[in-house]
Amino acid sequence: MKRSTQSFGKTADGREATLFTVTNDNGMSVSVTDFGATVVKICVPDKNGNVADVALGYDTVKGYENNDCYLGAFVGRYANRIGGAKFTLGGKTYELEKNDNGNCLHGGFDPYSTKMHEYEIIEDEDSIGIEFSRLSPDMEQGFPGNLDYTVTYTLTNDNEFIIEYSAVSDKETIVNFTNHTYFNLGGEASGSIYDHLVRIDADAYTPTDKELIPTGVTASVDGTPLDFRTEKPIGRDINADHIDLKNAGGFDQNFVLKTKAGDATLVATLRDPKSGRKMEVYTDLPGIQLYTGNFLKAENTKGGRSYKRGDGVCFESQYFPNSCNVPAFPYKPLKADEEFNSITVYKFIAE
Ligand code: GAL
């Protein structure tokens, strides 16, 4: 395994960003930056050994400063939507930023994906990790508690890209971290992912209203276009006449997983029949958002090109959206001095 660092450019306000690249013995590499703890590149061989970058993104830090589509973004303090942009904790109601139709999306207007992080390299014989850390101050984005967190990205010789989160707060708070990498196993510039095959091991999902706030119940996937228990192409049912697909303009739903905290379980696979690249998703979190880039529109991306709707697909492991406001959903606030931990693994195979 080897690693290198290079400049990733300067932000408009003069912060110097660094790009860290780790390459394993199979020729797979991952590049991440301290700006936002963002995933910039994931370069994976296909069945013939040809390497392509399967993560959508930008060439320099500049693109990530106004990253409205959250390409490669680490998302905090609370992933996805919080209905009405507020929640109550210990009898107190906290108002958040309304950056999405009166709701709070991915933390609000001041996302973690624009914050500079400290870093530390963790080297082993068969893996190299980069641990990013930061203190999110009390009431940043409107959330209580000084939150000390780490995001560790590790590449192994088994072609696993491991994402681990940990956090501790000095006051009771809520935390829901995710990663918003858009994958295109044909290569980031290869266009639509509608012919990629998806499997998700979920019998249920969380229906939403028109603003994509969960209604508070779970519904069976049985007999619906949301049944991914048998692998199927993304494009097959994306335009089906189903209320949840209409509300979201495609696939943008949270699936209810059969996972256990601390135990990374295989929950989903993505496969590109053309290149033979396959990705397995493992997590210990209770939910995963399948998001097929329905709102994706990004200019001046890698190579000076652009991305449009359907050019990438996200598998965002998470606590269910708005779970801080829905007692029926599996979620517990983080107590003062208690440690938050979660793990998600994207493993790459070529066949
Ligand atoms: C996803 C979310 C989508 C959309 C996207 C960002 O996590 O489910 O509805 O907001 O982020 O464009």
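**Close-up 1. The loop that holds R77, in a predicted model.** R77 lies in the loop that connects strand 6, residues 74-75, with strand 7, residues 81-82. The structure shown here and in the views that follow is a predicted model. Within this view, the peptide bond that leads from G76 to R77 is cis, and its omega angle is near -5 degrees.

**Close-up 2. Strand 3 and its cover on both faces.** Strand 3 runs through residues 29-33, and it is mostly covered, with 5 of its 5 residues buried. In a regular strand, side chains alternate between the two faces of the sheet. On one side of strand 3 are S29, S31 and T33, on the other are V30 and V32, and all of these residues are buried, which leaves both faces covered.

**Close-up 3. The hairpin of strand 2 and strand 3.** Strand 2, made of residues 16-23, pairs with strand 3 in the antiparallel sense, and 5 bridges join the two. Within this pairing, T21 stands opposite S31, a residue of strand 3. The two strands form a hairpin in which 5 residues lie between strand 2 and strand 3, and in the turn G27 has a positive phi of about 85 degrees.

Close-up 4. A37 is placed in the loop between strand 3 and strand 4, the latter covering residues 38-45. The phi of A37 is near 55 degrees, which is a positive value in a residue other than glycine. Because its relative accessibility is 0%, A37 counts as buried.

**Close-up 5. N300 in strand 24.** N300 is placed in strand 24, which consists of residues 298-301. Although N300 is not a glycine, it has a positive phi of about 50 degrees. Is N300 buried or exposed? With a relative accessibility of 62%, N300 counts as exposed.

**Close-up 6. Y205 and the pairing of strand 17 with strand 18.** Strand 17, residues 204-205, pairs with strand 18 in the antiparallel sense over 2 bridges. Y205 is found in strand 17, and its bridge partner in strand 18 is A219. Because its relative accessibility is 4%, Y205 counts as buried. From C-alpha to C-alpha, Y205 and V39 are 27 Å apart in space, while in sequence 166 residues separate them.

**Close-up 7. A patch of negative charge on the surface.** Which residues gather in this patch of negative charge? D25, D124, E125, D126 and D158 come together here on the surface. One of them, D158, is found in the loop that lies between strand 13, residues 147-156, and strand 14, residues 160-169.

How values were computed. Residues numbered from 1 in each chain as written. Predicted model: local features only at pLDDT ≥ 70, side-chain atom pairs only at ≥ 80, totals over all residues. Heavy atoms only, no water. Patch = residues over 30% accessible without salt bridge, like charges linked within 9 Å, V, L, I, M, F, W, Y side chains within 5 Å. Areas by Shrake-Rupley, 256 points an atom, 1.4 Å probe, with all protein chains shown as cover. Salt bridge = Lys/Arg side-chain N within 4 Å of Asp/Glu carboxyl O. Lys, Arg positive; Asp, Glu negative; His and termini not counted. Charge placed at Lys NZ, Arg CZ, Asp CG, Glu CD. Helix = DSSP H or I, 4+ residues; strand = E, 2+ residues; numbered from the N terminus. Pairing = 2+ DSSP bridges. Buried < 20%, exposed > 50% of the residue type's maximum accessible area, 1.4 Å probe, protein only.
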